[in-house]
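Thank you all for coming; I would like to walk you through one model this morning, going from a contact between chains to the fold of a single chain. Please have the sequence and the structure open as I speak.

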Amino acid sequence: MKTFRIGGVHPQGNKLTAGQPITPVGLPKQAAILLSQHIGAPAQCIVAKGDKVKVGTLIAKAGGFVSANIHSPYSGTVAKIDVIADGTGYKKPAIFIDVEGDEWEESIDRSETLVTTCDLDAAAIVNCIEEMGIVGLGGATFPTKVKLCPPPTMKAEVLIINAVECEPYLTNDHALMMAKADEIMVGIELLMKAVNVTRTFIGIEANKPDAIALLTEKAHAHKGVEVVALACRYPQGGEKQLIDAILRRQVASGALPVSTGAIVQNVATAYAVYEAVQKHKPLIERVVTVTGKSLTHPGNLLSRIGTPISMLLEAAGGIPEDTGKIVLGGPMMGKATANVETPTGKGTSGILVINESEAHRTAPSPCIRCAKCVSACPMGLEPYLLAKSTMAGNMEIAEKGHIYDCIECGCCTFSCPAHRPLLDYIRQGKGQVMGIIRARNAANKK
Amino acid sequence: MDIVAISVISLGVIGAVAAVILYVIAQRFKVEEDPRIDEVESLLPGANCGGCGKAGCRNFAESCVKATSLDGLFCPVGGSEVMKKVAGVLGMEAADATPRVAVVRCNGTCENRPRVNSYEGAVSCAIVNSLYAGETACAYGCLGYGDCVAACQFGALSLDAATGLPVVDIEKCTACGACVKACPRHIIELRKKGPKGRGVYVSCVNKEKGGVARKACTAACIGCGKCAKECQFEAITVADNVAYIDSDKCKMCRKCVEVCPTHAIHAVNFPPKKPAETAQTTAPADASTGNN
Amino acid sequence: MNKLVVSPSPHIHSGISTPQCMYGVLIALIPAFLVSLYFFGLGALLVTLTSVVSCVVFEYLIQKFLLKEEPTISNGSAILTGVLLAFNLPSNLPLWIVVLGALFAIGVAKMAFGGLGNNIFNPALAGRIFLLISFPAQMTTWPIPSTLPMSLDAETGATTLSILKYGSAESLAGLDATQHLIGNIGGSLGEVSAIALLIGFAYMLWKRIITWHIPVCIIATVAVFAFLAGIGNGVEYAAKLAEMHVLSGGVLLGAIFMATDYVTSPMTKGGMVLYGILIGIITMVIRLWGAYPEGMSFAIFIMNGVTPLINNYMKPKRFGEVVKNGK
């Protein structure tokens, strides 16, 4: 079975919510919609206090080329434009909406009927995707329209749909595939039309045999679409790793992934594209896996953007007594938070509750140079060296060691028998080196 | 004897040839250097701390020799004394600089600012700061992982285990500014060093609204502005919900200290005024942040 | 609810710890230990016990009283050093010499360099070489395996290696590979049984404690080198020579357990291959042309010193380094 060629680890799957249907959760009384839910410039608020909004009303416009529109997931009144502490605890600007009823914009088609035909041309589809505020739903939240418009010198040859879901615990993409396979297939066709390619590979890891079977069956009716079963290995869902696994092509350091001829989109993004283009529905809700060994009712919850995570945890049976850590996203790359009132964003794929006994890090001991981090690094770097040089402030060695190629997947820290916080340092060093490089480039230009 | 003669002659020839080559190369690639650079460098402390903004003492000496005036060139470690000597060598006017000292503007002790979550990971303020707001509800205050302590080359900073905050040893501090750069939250400031190390400063940088700041930390500046009203020398300004005392304007009358409702203004290294007075409840905290 | 923990990602761990790696190697050494108990009897037990206890005690004392740090003897690395040192010693070695070796191994080769993870040379190996140079007579007089396991009186005799070095073609032909596989030969107490060592190798590969690169490269290099050295006397002779060179002396123990020491071996696969090949070559050069009949320890020791250099130049293959776009 195919997989990527360098490094990787195999954490325990712990897919507690596999096979669970998507269940909608209710609406909060007041919700905060963060203006920065995507990579790039924050969106610009276009509503004022007291404005009436419906579900789907545009409330913030993209604040630059790499940015995305934000639509109201609720109907009601804008209570205030203020700041709210997000998952990091830092205050970020947000639009607060007092929720009143659930009235949708008339343009949105709320029926369940599958719409397969589409008369729009490529530019119109991309335009629609941009209008509806679609961003990559795998977690990186990169605005989709930017990815669909590669630089003119590069030509996409193939579309890759990322349905790998290599993060342990998360099952939101799995649940979506089982429930919305037909819609996903239409979404894929729309994406193929948008980037003008004739072939698509859907990469799914082997731990989801039902999804592989279902999508393979559906793919028969769609020309050029093929499901590729992949061996379970983390971080296969990384864009570069997935391209390598499926096409045996590696993105060069610093190059755009499209330089290999592949455009990668998440499977949930494909579904969002279907809804945006065929149903005129902006990105206002998503599936969030709320999971954890101590939760009484873990599940795949369909929730509106901006729902406080405390409400999602309540829907999953409440925060258990022995909770030690709450993670937004999966356990490998997700961000721990101490703020349960933070609202979800477009990129919130899961909420993981880790119990007290598994929440703590073991105290680090000296590096024994076992080279497990070197073997585990999917980018072929030397994590021990990068961490050591960052600690010593020797950024030249870090730069020579290509620290900027790090994808922050966490394989090194995961596999370190001395429990050293390798990625903590590497992430820091990467930021520093990127700053040094930017400053140098700016100086060279002068 | 033959062997001895051959050895002596061949070695002598090799030596002579090498000497000629060395001489030619030395002449050819000779770099004309101003001898005053060495002279200036010998006056400098030689700590290579970078506090002057240059890459080291040698680099600073070069800059001084090249410069037409010493404005903007100052060795914080050596202070005015050294700069006067440097100016003497170069025949220039020394820029008059007041002695400064690093001041930690946070009083978020474990007691004043309760921990609401616990951090586990690499021990570094920079890493914690880029990860999240920190263990307390204050997103502006000291994180207590000692990046400043690690940055100090003079051993002037140490972490107080009881308060979790860094303490400046004013005797050892050379005001090189390394800690100021190291602190990701810009809490440490170089302030004018008063006589006997005295100083008055606002020990808080929290920009939140008063209520929020107070809720996170009982010693927070709430931006009420009482101190600014009290000050006769216009040394205090309030911006972004936090007061700031300009150390160049401050006359150290300490009236602001008395009116501050949260005791966020600290007066350090003053002799105890009226020990019985209740307004001096912050004295122990002052002592722990300033006297050492 | 407790105070929530906040830490940077990742939030899970493989569960493999340093002590687990150390104890894993110890488990892999059990078969060889049992074989040595069978052939060398009480002597093997006494030497091993003395070595382990002295290593652990020295490490504890040095950490506690000299370095004034929290002793970390429970991580198993001192025990492992002790066992590996003992395995490289003759079973009839006076115990005070064993203690001296342990002191050198822990005190000089390990703790003086900064303790676990900072030593340049494999401590057990350094201890053995120290003893080999200091007490050459005692260190090269091996007991002939006794058929009565509990007998303490052992005779000493010529080892396979001295036959290989100084013996004739006839004496080479007289060597029996089966006895070497089982371990019914003279030698240091842990190195005699090829089968027991290979079982340990298989266990460590299965548990992913080590990778195959270093041991396989060393063994293959030794075999190829010996074969080429003997090819002048016919293929059959060369094959026999290669077989005996691999099976005798410390090649297997060294290749599987000593050269693969994490701290002192290279970090990258390419580096490991280079390291293994060079150890094989140096071993054979010493064996064939050097003053000592055995060169394994010296070869590993020399390459330990070269490891930082290898780490500096042999870099892993980075992702996308060679853009082969499969076209």
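How many residues does the contact take from chain C, and how many from chain B? It takes 6 residues from chain C and 10 residues from chain B, where two residues are in contact if their C-beta atoms, placed from the backbone, lie within 7 Å.

Before I go further, a word on conventions. This is a predicted model, in which local features need pLDDT of at least 70 and side-chain atom pairs count only at pLDDT 80 or more, while totals for chains, interfaces and linings use all residues. Residues are numbered from 1 along each chain as its sequence is written, and chains are lettered from A and ligands numbered from 1 in the order in which they are written.

Strands here are DSSP runs of E of at least two residues, and helices are runs of H or I of at least four, numbered from the N terminus, and two strands pair if DSSP finds at least two bridges between them.

Chain B itself is divided into domain 1, residues 35–90, and domain 2, residues 100–290, with bounds that come from an automatic or database domain assignment. The C-alpha centres of these two domains of chain B lie 31 Å apart, and their contact takes 6 residues from domain 1 and 6 residues from domain 2.

Let me now turn to chain A, whose secondary structure comes to 14 helices and 17 strands. Its radius of gyration, taken over C-alpha atoms, is 22 Å, close to the 22 Å that the globule rule (2.2 Å times the number of residues to the power 0.38) gives for 446 residues, so chain A is as compact as a globular protein of that length. The C-alpha trace of chain A spans about 65 × 55 × 50 Å along its principal axes. Of the 446 residues of chain A, 58% count as buried, meaning that 20 or more other C-beta atoms, placed from the backbone, lie within 10 Å of the residue's own. Among contacts in chain A between residues at least 6 apart in sequence, 73% join residues at least 24 apart.

Which strands make up the open sheet of 4 strands in chain A? The order is β11-β10-β9-β12, with parallel pairing, and the edge strands, each pairing on one side only, are β11 (225–230) and β12 (262–266). From one strand to the next the twist averages 25 degrees, with axes being lines fitted to C-alpha atoms, for helices over the stretch in contact, and angles running from 0 to 180 degrees between N-to-C directions. Strand β9 of chain A, residues 158–163, is joined to β12 by 5 bridges, and A:Asn162 stands opposite A:Asn266 in β12.

Two helices of chain A lie across β9, β10, β11 and β12: helix α4 (residues 181–195) runs at about 145 degrees to β9, whereas helix α6 (residues 239–247) runs at about 115 degrees to β12.

Finally, the domains of chain A are domain 1, residues 1–24 + 108–360, and domain 2, residues 372–445, and 27 Å separate their centres, taken over C-alpha atoms. The contact takes 13 residues from domain 1 of chain A and 14 residues from domain 2 of chain A.

Conventions: Buried ≥ 20, exposed ≤ 12 C-beta atoms within 10 Å, placed from the backbone.
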